[in-house]
Structure formats: C-alpha cells, structure tokens
Amino acid sequence: MKIHQEIQERHTLAVLVDNEPGILARIAGLFSGRGYNIESLTVTDVSEDESVSRITIVTSASAHVMEQIIAQLDRLVPVHKVTDLTALGPHVERELALLKVVGVGDHRIEALRLADVYRARVVDATTSSFVFEVTGGSEKIDKFVELMREVGLIEVARTGVVAISRGKEAA
C-alpha cells in the first residue's frame, strides 16, 4: 500500500464579501472547522459606501484542498467573489511590520545599520530603544526580524499580507 502525499503550496486568496457583522468569524470558522490553517489574514473596506470588504487570506494547501476551500468560500451567502491570486499568476504582495529594538552602544549602531540595509524607517526613538517600520515581502520581513533578534528585538507587530493582481484586470 502506497501513501500518496500531496504537495502543499502557499496560496493567496482575495475574497470580496458583504461588509456585515460576523462574516469574518464565518470565514475563519470555515477554515478552522475543516482543519485548514490561515497563515495571514487582512480585511479592508473597498467600496465607497462601505458595503463591500476585501479579505486577503494566505494559506497552504494541496491543489485538491485549495479547490475545496475556494468552493466552500464561494458557497457562503455574503461572499461575492473568491480569487486565488497565486493560481491567477503574477501578483504583488506586501506586508508591514513594526519592530521595537532595545540597545545601547554597539547594539544601537548595528540596529541602525541593519535598518538602513533593509530600508526600515525609524518611527520612534528614545535613548535606549527604536521602533522600526519595514515593508516588503514576508521573506524580507522574516529576515529583518531574525537579524534584529540578535541586537535586542523585544516586540514585533505585523499587518499580514496584502496582495493585488498585476495587469489591468481586477481580481
């Protein structure tokens, strides 16, 4: 007997929904109830009259499971459209992070040097700490966080992934 393991791939989904109470809980419940993991989740209003929101979800799943996720999301009544940006092709993803770093002397100088390399901005400073703002792909932010751990990182806040398709068509 052979056990066939399907390859899991990272997918970014754009979900347009009615902006109503409980929709985010219903979508999160759909994922958790079926044992799917949400790696990143962002929500924003996208209509002028605040009636429609866009939920960006990053998850990892096999192709078969991804089809199931999309079909189950499509069946939810307040969902207008589900787009797998990963399957659609080239798209732009960004994330923002705030990092609080404590240090004096050489640690302070090294934190500023690394921030310059990663194009992070100092958005708050005291004599013993900095708060850096860094934007970019998740991999860039992961690496910046890892490096800052070595020089005095004490707190991180991340927005989660926002994504949009390339080209003239809306997702």
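A salt bridge here is a side-chain nitrogen of Lys or Arg within 4 Å of a carboxyl oxygen of Asp or Glu. By that rule, Glu 95, Asp 142 and Arg 158 are linked in a network of salt bridges.

Before I go on, some ground rules. This is a predicted model, where local features need pLDDT of at least 70, side-chain atom pairs count only at pLDDT 80 or more, and totals for chains, interfaces and linings use all residues. Residues are numbered from 1 along each chain as its sequence is written, and side-chain values use heavy atoms, with hydrogens and water left out.

Back to the charges. Side chains of opposite charge can pair when their charged atoms come close. The count of salt bridges comes to seven. In the one between Arg 158 and Asp 142, the closest N and O atoms are 2.8 Å apart. That pair links distant parts of the chain: Arg 158 is in strand 8 (residues 153–158) and Asp 142 in helix 5, 16 residues apart. Helices (H or I, at least four residues) and strands (E, at least two) are DSSP runs, numbered from the N terminus.

Arg 158 counts as partly exposed because its relative accessibility is 35%. Asp 142, at 41%, is partly exposed as well.

Helix 5 also holds Lys 143 and Glu 146, three residues apart, about one turn of the helix. Their side chains meet in a salt bridge, 3.4 Å from N to O.

Another salt bridge joins Glu 93 and Arg 10, with the closest N and O atoms 2.9 Å apart. Glu 93 is in strand 5 (residues 91–102) and Arg 10 in strand 1, 83 residues apart. Glu 93 has a relative accessible area of 16%, so it is buried. Arg 10, at 33%, counts as partly exposed.

Four strands form an open sheet in the order 2-3-1-4, with antiparallel pairing; two strands pair if DSSP finds at least two bridges between them. The edge strands, each pairing on one side only, are strand 2 (40–45) and strand 4 (79–84). Strand 2 and strand 3 (residues 52–61) pair over six bridges. In strand 3, Ser 53 is the bridge partner of Asp 45.

Ser 60 is also found in strand 3. What does its side chain make a polar contact with? The partner is the side chain of Glu 39, at 2.5 Å. A polar contact is a pair of N or O atoms within 3.5 Å; within protein, one must be able to donate a hydrogen and the other to accept it, and residues adjacent in sequence count only if both atoms are side-chain atoms.

Last, the rings. Rings of Phe, Tyr and Trp (its six-membered ring) pair if their centres lie within 6.5 Å; planes under 30 degrees apart count as stacked, over 60 as edge-to-face and the rest as tilted. There are four aromatic pairs. Phe 130 and Phe 132 form a tilted one, 5.3 Å centre to centre with 35° between the planes. Phe 132 and Phe 144 form an edge-to-face pair, at 6.2 Å and 85°. Phe 132 is in strand 7 (residues 129–136) and Phe 144 in helix 5 (residues 138–149). Both Phe 132 and Phe 144 are buried. Together, Tyr 118, Phe 130, Phe 132 and Phe 144 form one aromatic cluster.

Definitions and conventions: Buried means under 20% relative accessible area, exposed over 50%, partly exposed in between (1.4 Å probe, protein chains only).
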